[in-house]
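Open the model in your viewer and keep the selection panel at hand. The tour goes from one selection to the next and says what is there.

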Amino acid sequence: MIKLENVILDFPIPQKVKKLENKKNVDQATGGMMGTQTDGKYALRALDNISFTLQPGDKLGLIGHNGAGKTTLLRVMAGLYAPTSGTVTAEGKVTALLNLSFGMDPEATGYENILLRGLYLGMSRAEIKSKTECIADFSELSDFLNLPVRTYSAGMRARLAFAVSMHIDASTVLLDEAIGAGDAAFFQKARQKLDSMVSGATLVFASHSNQTIREICNKGLLLEHGKIKAFGDLDEVLNTYEQRTQMNQCSIANVPSKKGAFAGLSGKDHIKKVLLVNDTGALSNPGCKAVRKAYKLLFERHIHKAEITKSIPVNYWVEDFREIAIPGKETIKREADYFASGVETTGNIDLEKWESIRKNLAVSDQELQLAFSETDLVLLNGEGSIHHNSVRALALLALAKTAIEAGKKVLLMNATIQDIMPDLIKDVIARCELVHVREAASQKYLAQYGVDAIVTADLAFMALQTDTVIKALILDASQYVVVTGGVLSNEDSLNQIFDAVQNAGLRSVYFSVGDGGETELARKLCAKRNVPMVDAFEYAIHKPISFLKQFPLAISGRHHINVFLMRAGVPFVPLPSNTWKIEETLKLVNYPIQPVKTYAEILPTLQEVRENRDKLSQICQDSYLSGKASVDDLIGKIESCV
Amino acid sequence: METIKNNNIFNALQDIYAGFQRHELWLALGWLDVLSKYRRAGLGTFWISANMAIVSLVLGYLYSTIMQRPIQEYIPYLTVGFIVWNLLSALITEGAQAFVASSAAMKEIPNPPPVYVYRVVWRNIIIFSYNLIVYVLLILAFQINPFPTIFLAIPAFMLIVLNGIWIGLLLGLINAKFRDMFHMLNNIIRLTFFVTPVLWYPELAQGIRGLFVSLNPFYYFIEILRAPLLGSYPSIQIWLVTFAITLLGWTITIPIYARWRTKIPYWV
């Protein structure tokens with residue numbers, strides 16, 4: 001167990017640095033916070049009020065940009081740096097592997113270096129002697145161990161160092177970007193060793209590679225300027241990190257861009273700066289990427305009067321509304337032999353409380369105020385969150401109201417709006433400059449409360465037009481069905497799908513878009529059932545359409561994957577969702593197969609789709625084109641509104 | 001349970017002791033320091049002895065005529081004095097670098113900082129031992145009988161080592177923060193060599209110049225080891241002064257080390 005309580009760490013700064021004129025630049029460049037200590041000396045605050053506890057078995061991934069304080073935090077935990085204030089308490093032995101090449105003498109032989117590094121790491125001679133053979137085996141260096149280390153390649157050195165480090169009996173292991181050296185096979189072996197080594201121990205791993213962190217860790221800690229920005233479930237923390245990263249990129253890579261020439265003609269002031277408030281959960285999800293791209297296309301290519309210059313995630317506001325929101329599980333209906341789906345209506349929420357939480361956040365969120373002050377328009381991506389009075393819906397609507405009160409024009413786009421308190425609709429949605437929904441059902445729903453909404457297909461239809469579709473065969477896919485479960489999928493439903501595919505005489509390939517718990521569930525199940533799994537994260541599929549196109553058939557529980565499949569011309573069996581988006585979108589673009597409701601329907605529907613494959617493939621493409629055409633109409637409407 | 005944050009004297013002493021307990025590490029590091037310098041050389045570490053032999057013969061031959069002393073008396077006197085001087089000066093200049101030179105390790109692995117002081121001291125004990133080979137050859141060649149006084153060399157040597165440790169802790173710590181220290185020390189040591197009776201005899205400094213001998217701590221530490229190695233007894237005054245310096249040194253070092261030891265990793 002390792003416990004940090006209110007750890008603050010200031011680095012003293014030499015005299016000369018004091019005279020830096022632009023303090024802000026230093027903040028940005030270093031990632032730390034420059035400030036004055038109580039005794040009047042300048043210091044760089046590398047860690048600011050860090051508190052957390054790790055239990056045995058916890059594998060924590062430290063996430064953050066260069067200079068965010070990851071290595072410093074590891075050093076504090078290792079006992080290398082004593083904190084300026086606060087305490088670090090560790091039970092058992094703490095071992096830090098911060099730098100694999102450390103503690104090696106190039107002139108000494110491999111064996112001598114095993115001894116030296118072992119001693120450095122706190123082993124006794126006797127202990128090292130008893131482990132030497134094991135270490136030598138693990139390093140796979142055999143006879144090379146009798147040669148001086150200077151004759152080794154960098155990879156061999158890393159292997160040797162890693163081999164020694166991996167043979168320490170410690171209850172807490174701190175790793176800094178250590179693994180990844182050496183060849184792939186060794187890397188794999190190192191990971192396995194790491195897994196077994198830390199199964200009962202605590203691991204803290206700092207890395208820039210989200211992928212490696214995903215593979216090794218189960219918890220995450222996001223550091224920014226030496227402060228904890230997020231701590232807890234790894235997926236959530238990584239999501240927050242990705243959103244923050246995107247936010248920074250968006251705000252840095254802004255202004256003139258393609259519109260330079262235009263700006264010159266009509267004066268720069270005429271270009272309205274747009275703040276994108278993004279509600280999508282997983283930014284690496286190909287569907288969310290497509291929607292982001294659509295916004296970019298809309299505002300950068302088609303609408304000459306506006307440009308997205310900043311983007312902020314909704315995530316920060318979500319937690320505060322948790323206490324009054326309808327819990328996610330109450331919005332989902334599960335019955336035996338049926339796929340999960342959404343409930344029709346959920347209960348009421350306390351709107352007074354909502355308003356008071358919103359006001360508090362509006363006053364305290366300086367980042368948001370800054371974002372408002374830098375932009376003219378607020379674009380709300382309402383994708384998939386404004387339903388069932390969920391926590392995300394409450395947060396998003398609160399942000400919208402705050403923007404309206406700040407005097408901003410708010411465009412609510414790509415939304416699915418379903419089962420929201422009528423008062424919220426009148427109070428917030430009705431006051432938006434433009435409401436754009438993806439389903440006729442949402443439009444009809446809003447009309448009850450006097451809100452006029454524009455309806456088109458999902459904006460993702462627009463973003464796929466530039467994605468070159470090539471048939472890229474990576475395996476003989478003719479006997480495969482690509483399967484993707486939606487957010488509602490559970491072990492039972494996936495098993496039923498795999499069974500149905502098997503009964504049809506075909507094989508499944510699981511395509512995961514890496515959303516929340518779905519990946520973990522699918523990974524386990526696929527391993528058990530020997531189904532190949534492709535993770536959009538892991539393999540960084542930049543062109544999901546090309547990937548999907550190689551399969552003759554698909555079963556999809558994801559709205560955006562449906563869009564991709566249409567574009568790729570791959571007929572699919574749709575699964576239901578908890579909102580209108582899937583059913584209604586299919587209706588909107590005239591895709592003839594409706595989502596299967598029960599498990600029993602999977603097999604016959606799959607066979608039906610299979611028999612009509614060629615015809616359906618053509619229909620897919622027509623559906624895609626009709627969806628895209630409806631979205632293209634949107635350009636003029638936004639333009640007039642801006 | 002271990003809490004990483006303390007500034008009191010007890011913890012400093014614990015640190016010094018814990019460092020000592022890591023003897024397997026610092027013994028290996030000290031050896032490696034010596035070894036790596038002479039690796040791939042045919043004579044290996046015996047170059048240390050060879051260097052000393054050449055210096056002692058050449059300087060001894062020349063200066064014995066300048067000092068007007070018989071060569072069989074002057075060469076052993078010069079050589080032993082020079083060996084001890086080398087040990088003392090290295091303990092000071094290298095001791096000041098103890099933490100700075102090990103900065104990579106200090107930022108890497110949480111070993112108690114005194115480990116790196118022991119490493120410096122041990123390294124110089126090894127070099128000293130190689131130099132003693134020259135000493136043994138000389139007493140055989142010039143038929144000097146160091147018995148029984150040679151046994152006094154053992155406590156004398158221990159005293160020097162004990163001083164080497166506090167010097168390393170204190171100067172190492174100061175030099176980690178103020179790097180000018182090392183350069184200043186180098187200059188002082190170079191000058192001190194000429195005002196310390198190594199090449200010359202203490203009784204030659206007459207009158208007020210005698211202060212160079214009597215107020216010079218180096219004189220006492222050289223004499224305490226040189227005398228017994230050459231068959232004479234160091235005076236009681238020499239014992240008292242060296243004891244007093246040892247005591248004083250540790251008394252100053254411990255509170256200073258206790259106060260700032262946790263800052264060392266930040267400074268190096």
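Predicted model: local features only at pLDDT ≥ 70, side-chain atom pairs only at ≥ 80, totals over all residues.

Two strands pair if DSSP finds at least two bridges between them.

**Stop 1: two strands in chain A**

Select strand S11 (residues 272-278) of chain A together with strand S12 (residues 306-313) of chain A; S11(A) and S12(A) pair in the parallel sense over 7 bridges. To see where residues of the two strands face each other, pick A:Leu275, which stands opposite A:Lys310 in S12(A).

**Stop 2: a proline in H10(A)**

Now select A:Pro286, which is in helix H10 (residues 286-302) of chain A. A:Pro286 counts as buried because it has 24 C-beta neighbours inside 10 Å. A:Pro286 and A:His560 are 274 residues apart in sequence, but from C-alpha to C-alpha they are 7.9 Å apart in space.

**Stop 3**

Select helix H3 (residues 110-120) of chain A and helix H4 (residues 125-139) of chain A. The axes of H3(A) and H4(A) are 10 Å apart, and the two helices pack at an angle of about 125°. That angle makes H3(A) oblique to H4(A). The crossing in which H3(A) passes H4(A) is right-handed.

Which residues meet here? Show the side chains of A:Tyr111, A:Ile114, A:Leu115 and A:Gly118 in H3(A); these meet A:Ile128, A:Thr132 and A:Ile135 in H4(A). Sorted by class, the residues of this contact of H3(A) with H4(A) are 5 nonpolar, 2 polar and no charged.

The axes of H4(A) and H5(A) cross at roughly 140° and come within 9 Å. H4(A) and H5(A) are therefore oblique to each other. H4(A) passes H5(A) in a right-handed crossing. On the H4(A) side, the contact is made by A:Ile135, A:Phe138 and A:Ser139, and on the H5(A) side by A:Arg159, A:Leu160, A:Ala163 and A:Val164. The contact of H4(A) with H5(A) has 5 nonpolar residues, 1 polar and 1 charged.

**Stop 4**

Most residues other than glycine have a negative phi, and most peptide bonds are trans.

Begin with A:Glu140, in the loop between H4 and H5 of chain A. A:Glu140 is not a glycine, yet it has a positive phi of about 60°. It is partly exposed, with 15 other C-beta atoms within 10 Å.

A:Asn6 has 12 other C-beta atoms within 10 Å and is exposed.

What kind of peptide bond joins B:Phe147 and B:Pro148? The bond is cis, with omega about 0°. Look for B:Pro148 in the loop between helix H7 (114-141) and helix H8 (153-177) of chain B.

**Stop 5: an alanine in a loop**

Return to chain A and select A:Ala477, found in the loop between helix H17 (460-463) and strand S19 (480-484) of chain A. A:Ala477 is partly exposed, with 19 other C-beta atoms within 10 Å. Leaving out residues up to four places away in sequence, A:Ala477 touches A:Gln550 and A:Phe551. A:Lys549 is 72 residues from A:Ala477 in sequence and 9.6 Å from it in space, C-alpha to C-alpha.

**Stop 6: where the chains meet**

Finally, show both chains. How many residues of chain B are in contact with chain A? There are 20, and they are in contact with 26 residues of chain A. The elements that give two or more residues to this side of chain B are strand S1 (2-3), helix H2 (23-38), helix H6 (103-106) and helix H13 (264-267) of chain B. H2(B) gives the most, with 5 residues. Colour the side of chain B that touches chain A by class: it has 11 nonpolar, 3 polar and 6 charged residues.

Note on methods. Residues numbered from 1 in each chain as written. Chains lettered and ligands numbered in written order. Contact = placed C-beta atoms within 7 Å. Helix = DSSP H or I, 4+ residues; strand = E, 2+ residues; numbered from the N terminus. Nonpolar A, V, L, I, M, F, W, Y, C, P; charged D, E, K, R; others polar. Axes fitted to C-alpha atoms, helices over the stretch in contact; angles between N-to-C directions. Parallel < 35°, antiparallel > 145°, perpendicular 65-115°, else oblique. Left-handed = near helix turned anticlockwise from the far one by under 90°. Buried ≥ 20, exposed ≤ 12 C-beta atoms within 10 Å, placed from the backbone.
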